[in-house]
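Please prepare a structural report on the model shown below.

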Amino acid sequence: MRDAAPQTIYLSDYTPFGWLVDKVDLTFILAPHATRVKSRIAFSPNPDAPAQAFFLHGEELKLISASIDGTAVDTQLTAQGLSCQVPDTAFVWEAEVEIDPANNTALEGLYMSNGMYCTQCEAEGFRKITFYPDRPDVMSTFTVRIEGSADTPVMLSNGNPVSSGDGFAEWHDPWPKPAYLFALVAGELVAQSDRFTTASGKDVALNLWVRPGDEGKCAFGMEALKKSMKWDEDVYGREYDLEVFNIVAVDDFNMGAMENKGLNIFNSSAVLASPETSTDMNFERIEAIIAHEYFHNWTGNRITCRDWFQLCLKEGLTVFRDAQFTSDMRSAPVKRIQDAIDLRARQFPEDGGPLAHPVRPDQYQEINNFYTATVYEKGAEVIGMLKRLVGDDGYKAALDLYFDRHDGQACTIEDWLQVFEDATGRDLAQFKRWYTQAGTPRVSVAEHWADGTYTLTFRQETKPSAATPAPLPQVIPMAIGLLNPNGDEVLPTTVLEITEEEQSFRFEDLAARPVPSLLRGFSAPVTLDRDATTEERAFLLAHDTDSFTRWEAGNALAQQTLLDMAADGAVPAAAYLDGMKAVLRDDSLDPAYRALMLSFPTQSALAGALADKGITPDPDAIWQAVETLRQSLAEHLQDVLPRLEAETRVDGPYRPDAEQSGKRALGGAVLGLLTRLDGGAAAAAQYAAADNMTLKLNALACLILAGKGEAQLAEFYDNWQHDRLVIDKWFGLQIMQAAPERVVDVARALTEHPDFNMKNPNRFRATLGALAGHHAGFHRKDGAGYDLLADWLIRLDPVNPQTTARMCTAFQTWKRYDATRRGHARAALDRIAATEGLSRDVSEMVQRILA
Ligand code: B3K
Ligand code: ZN
């Protein structure tokens, strides 16, 4: 939808809708270019709302007819919707509209993917299906009839099946829901089916629907679903509430998946898996997304959001819940480290740049632009802090109260915090700032030691931003421990509550000056500013009892030596190399954990760390530092690599569980180092022998990095050209592994490949997303990276504004770099901004990034 003057929507303007929707009946008569949608909606005046004109959202709809209580009605239409006169008592609205799913490339509303009809309505897609009060606080029960053809033998919607017959199917969803949870799927689909018996003994039919040919990729997803259902019963006491739970895999989808009531729709990349075609990381992600969407049934669907400003109410909580699930299914320490890495890589740059916004934003132009790492991942971190502050029992009591008090309602963050206050008696007024202020607090630490007393003084500071010009001090749960110089713990993990701008904590009667272990378990989403010495970090790497801070010590050592190397060509720090050797040799440590030890901070994070210190980052120098340190590490670890390699071999058939995938992760890191010593011989052997995608892809990545792998790339393509998801990997890998000076050319050549299809978001992201993710390649000094991405964003915008807008975030850090790069980035952004007919989505993103 082109919009000449985009409007800003404010949280403070919230007003309830003037009518209640008592019941919705929809009939779909499917046809690719002319689907008819008949609606019958029972409205009654909302006693709790102020008087207002009757308005229904509706976009890109051809209105065929409209009536109220059976009499045709005069309507006023705009590009946003419809108004008309209505009675002041209850009435029945009926309308018929025509839509064109086959030409819907935005993938919002009802669209077609490979001949299959499917929907995506969150946040505001339902208004592209029919006229409706398309807002989350309007909830109703839905009955849906679908009439199809021979091409649509399977026709699904929300809730329970009512009846079906030749060319039709009827569904009824007894749970009142907002329109954003509506879903419809129709096409030629086959199901992998199973059953689940709930804790109270109800039998639920489970189906994972896929295109014929994909049946072999369903087993893992089905197991993940059953585990999620059981876990939510065991840990949160939440049972499933319909007779059937359907999941459908579609190839063209803007994000990972969608939690529509009883009918989850998944990007095929987020549900289909087999050992031959998917990596361990794919399996882990699939398990987490299936859990996430399933958990939404309670946190999102049964209790939904009053308005879109409250998005974190369902997303932060559901991410928190899926992280708990993954920690329980796999390794909790590994999950915590992965989440910290992810937060630093994706959320910190957002919070520290022009796109900064609070976890609960208070204004937006296009809500789709606020499905961000801040709302999701920082939103989950905020709940983790809350849990730490009120304790496990307090958290459980608050959640029980939340489900009890708010089931069936559309709620706010105020409601959420109130249940914690009521259940625990704790005042959360200051804590609420985590929801209302943007920016990552920076916590600096000073130490004092005298006469057996050790004092830690913390100072917190948050950089002002357009969203939060004057940040106030936040409540920061700082988990710490103290170690003796001999490595013994003298203070086990203790949570200090920092509430002031500056605050000191004293520890008395200590025999020796302790070494502090700070921000244990990554207890708050803050940046810790502490100039620890190399010796101290090496000490913590060797002795810390907290798995997160121990990893962090190694990570900080790597970061320090990389920054020194990038800034003035320093040589790799011996303390880092020796420390790594000791950790890697320690076979009491989980292989997955050791693999994480071997990971470096991302190059973008290194650039951010330099920028934070007031140094302009040079992407080429950072790239070079990383290469040099990897090479030094390979040489330094030369004698332990063969032993490690043997340790990571897996016996028996492939299993994507934590144990085996941890071994393969360490094996992958080891192969990367070996490749630097043997020029790719081991990688070539692994590629030839591998019978699963994890080992294959890992070997292929090493070969490309070593400047080899041409034959293997060709073979890989020939083998898998029929499998879209595998070919996405083939596209992405070549760009991710290319040397910086080659990245743009490789990416450009791939956009000219016959299999490149910009209408498929997975393929677009595999290609242009990989370009944007290659730090030194994208930030090439001559601006060629920026230009290529801008060219494609300009082309994609008229086709799919949502995916285009999301990818604009590649530019969010542009102001960090030198004047030459800034000039090129600005020119690219200006070029996008000046494009005629730019979507509301992209225009908002570019304006904010340029501001
Ligand atoms: N709720 C959806 C995201 C919808 C995104 C709309 N642009 C998936 C999820 O978070 O589970
Ligand atoms: Zn979600």
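## Basis of the model

The model is predicted; local features require pLDDT of at least 70, side-chain atom pairs count only at pLDDT 80 or more, and totals for chains, interfaces and linings use all residues. Residues are numbered from 1 along each chain as its sequence is written, chains are lettered from A and ligands numbered from 1 in the order in which they are written, and side-chain values use heavy atoms, without hydrogens and water.

## Ligand site

Around ligand 1 there are 14 residues, of which Glu122, Glu259, Glu293, Asn368 and Tyr376 come nearest (a residue is near if one of its heavy atoms lies within 4 Å of the molecule or strand concerned). By class, this shell consists of five nonpolar, four polar and five charged residues; Ala, Val, Leu, Ile, Met, Phe, Trp, Tyr, Cys and Pro count as nonpolar, Asp, Glu, Lys and Arg as charged, and the others, Gly among them, as polar.

Glu122 places a polar side-chain atom 2.6 Å from a nitrogen atom of ligand 1, and Tyr376 places one 2.5 Å from an oxygen atom of the ligand. For Gln802, an N or O atom of the side chain is 3.3 Å from a nitrogen atom of ligand 1. Polar contacts are pairs of N or O atoms within 3.5 Å; within protein, one must be able to donate a hydrogen and the other to accept it, and residues adjacent in sequence count only if both atoms are side-chain atoms. On its own, ligand 1 has 340 Å² of accessible area, and the protein covers 94% of this (Shrake-Rupley method, 1.4 Å probe; for residues, only the protein chains shown count as cover). The elements that give two or more residues to the shell are β20 (257–258), α2 (280–295) and α3 (311–329); helices (H or I, at least four residues) and strands (E, at least two) are DSSP runs, numbered from the N terminus.

## The β28-β27-β30 sheet

An open, antiparallel sheet of three strands has the order β28-β27-β30, where strands pair if DSSP finds at least two bridges between them. Its edge strands, β28 (489–498) and β30 (515–518), each pair on one side only. From one strand to the next, the twist averages 25 degrees; axes are lines fitted to C-alpha atoms, for helices over the stretch in contact, and angles run from 0 to 180 degrees between N-to-C directions.

Helix α5 (residues 373–406) packs on this sheet and touches β27 and β28, its direction making about 65 degrees with that of β27 (contact means heavy atoms within 4.5 Å). Helix α8 (residues 534–543) lies across β27 and β30, at about 70 degrees to β30. Four antiparallel bridges join β27 (residues 476–483) to β30, and Gly481 stands opposite Ser517 in β30.

## Pairings of β2

Strand β2 (residues 19–29) pairs with β3 (residues 35–45) in the antiparallel sense over ten bridges. These two strands form a hairpin with five residues between them. With β12 (residues 140–147), β2 pairs in the parallel sense over six bridges; there, Leu26 has Val144 as its bridge partner.

## Backbone geometry

Most residues other than glycine have a negative phi, and most peptide bonds are trans. The bond joining Glu122 and Ala123 is cis, with omega about 5 degrees; Ala123 is placed in the loop between β11 (116–120) and β12. Glu60 has a positive phi, near 55 degrees, and lies in the loop between β4 and β5 (62–68).
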